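User: I'm new to this one. Can you walk me through it?

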Amino acid sequence: MTDLPAPEIEEAHNWLHAAERVAVLTGAGVSAESGIPTFREAQTGHWARFKPEDLASPDAYQRDPEMVWAWYAGRYRDVLAAQPNPGHLALAELEHRKAGGFLLATQNVDGLHQRAGNRRTVELHGNLTHARCEGCHHLRPLPPPDELSVPPLCPDCGARMRPNVVWFGEYLPTVALARAQAAFASAQVALVIGTSSVVEPAASLGLLTLENGGRLIEVNPDETPLSAWASVRLPASASQVLPALLEGWA
């Protein structure tokens with residue numbers, strides 16, 4: 001299943017099995033295994049000449065909403081073509097086993113966790129399969145890519161709609177962040193998976209679990225600023241590690 005040392009896998013497995021409250025944070029590494037490039041990796045071809053701030057900031061949108069929407073329309077098409085991978089599916093199974101004692105907070109905007117079966121989720125950076133009206137602020141799912149005209153208009157009030165994602169210079173949604181912080185503060189085990197752990201405030205969520213007497217499991221092929229704090233660090237991908245952590249559960 002994985003080449004990781006058996007003692008670390010067994011220890012993490014036992015902690016998760018025994019825990020009544022589990023909080024999970026996922027980042028781009030989880031979606032990368034489904035073929036979704038990170039924001040910067042997606043800047044190829046025509047888009048390679050743009051800085052991230054040129055494509056994902058309020059100022060960029062104010063200057064050229066059509067260009068920003070063209071960028072997100074391409075990412076939207078890629079997201080719908082992707083499928084949940086074994087890491088996503090294992091997290092959906094973990095939620096099923098922990099029921100109300102589970103929360104998954106994600107920095108990803110692709111909706112793959114929900115498509116895999118997760119329901120107790122917090123999307124810290126929004127979801128690019130939806131748009132938000134600039135007039136009445138209602139959320140609406142985007143139509144299929146072949147039917148999407150950009151920028152889309154709100155079916156309720158006719159105003160222009162913007163991608164429902166958090167841009168550079170914007171704050172995370174207050175309610176979503178507070179819900180994630182509460183879950184990590186009360187969790188007996190925190191799983192931090194596939195994130196660089198450099199973007200605050202999400203980067204500190206796992207530390208809330210440690211500060212309140214819980215354990216922190218990091219799943220990431222690369223070391224991060226969080227690695228030194230992890231109770232157990234599992235240096236592999238989510239698809240390799242997460243199914244192994246659920247093996248043998250009754």
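Here is a short chat about the overall fold and one serine.

Analyst: This is a predicted model, where local features need pLDDT of at least 70, side-chain atom pairs count only at pLDDT 80 or more, and totals for chains, interfaces and linings use all residues. Residues are numbered from 1 along each chain as its sequence is written, and side-chain values use heavy atoms, with hydrogens and water left out.

User: How many helices and strands are in the protein?

Analyst: The protein has 10 helices and nine strands. These are DSSP runs, numbered from the N terminus: helices are H or I with at least four residues, strands E with at least two.

User: Why does it count as compact as a globular protein of that length?

Analyst: Its radius of gyration is 19 Å, close to the 18 Å that the globule rule gives for 250 residues, so it is as compact as a globular protein of that length. The radius is taken over C-alpha atoms, and the rule is 2.2 Å times the number of residues to the power 0.38.

User: What box do the C-alpha atoms fill?

Analyst: Roughly 55 × 35 × 30 Å, along the principal axes.

User: New topic. Where is Ser197?

Analyst: Ser197 sits in the loop between strand S7 (189–193) and helix H9 (205–211).

User: Is Ser197 buried or exposed?

Analyst: Ser197 counts as buried, because its relative accessibility is 8%. Buried means under 20% relative accessible area, exposed over 50%, partly exposed in between (1.4 Å probe, protein chains only).

User: And which residues does Ser197 touch?

Analyst: Leaving out residues up to four places away in sequence, Ser197 touches Val192, Ala203, Glu218, Thr224, Pro225 and Leu226. Contact means heavy atoms within 4.5 Å.
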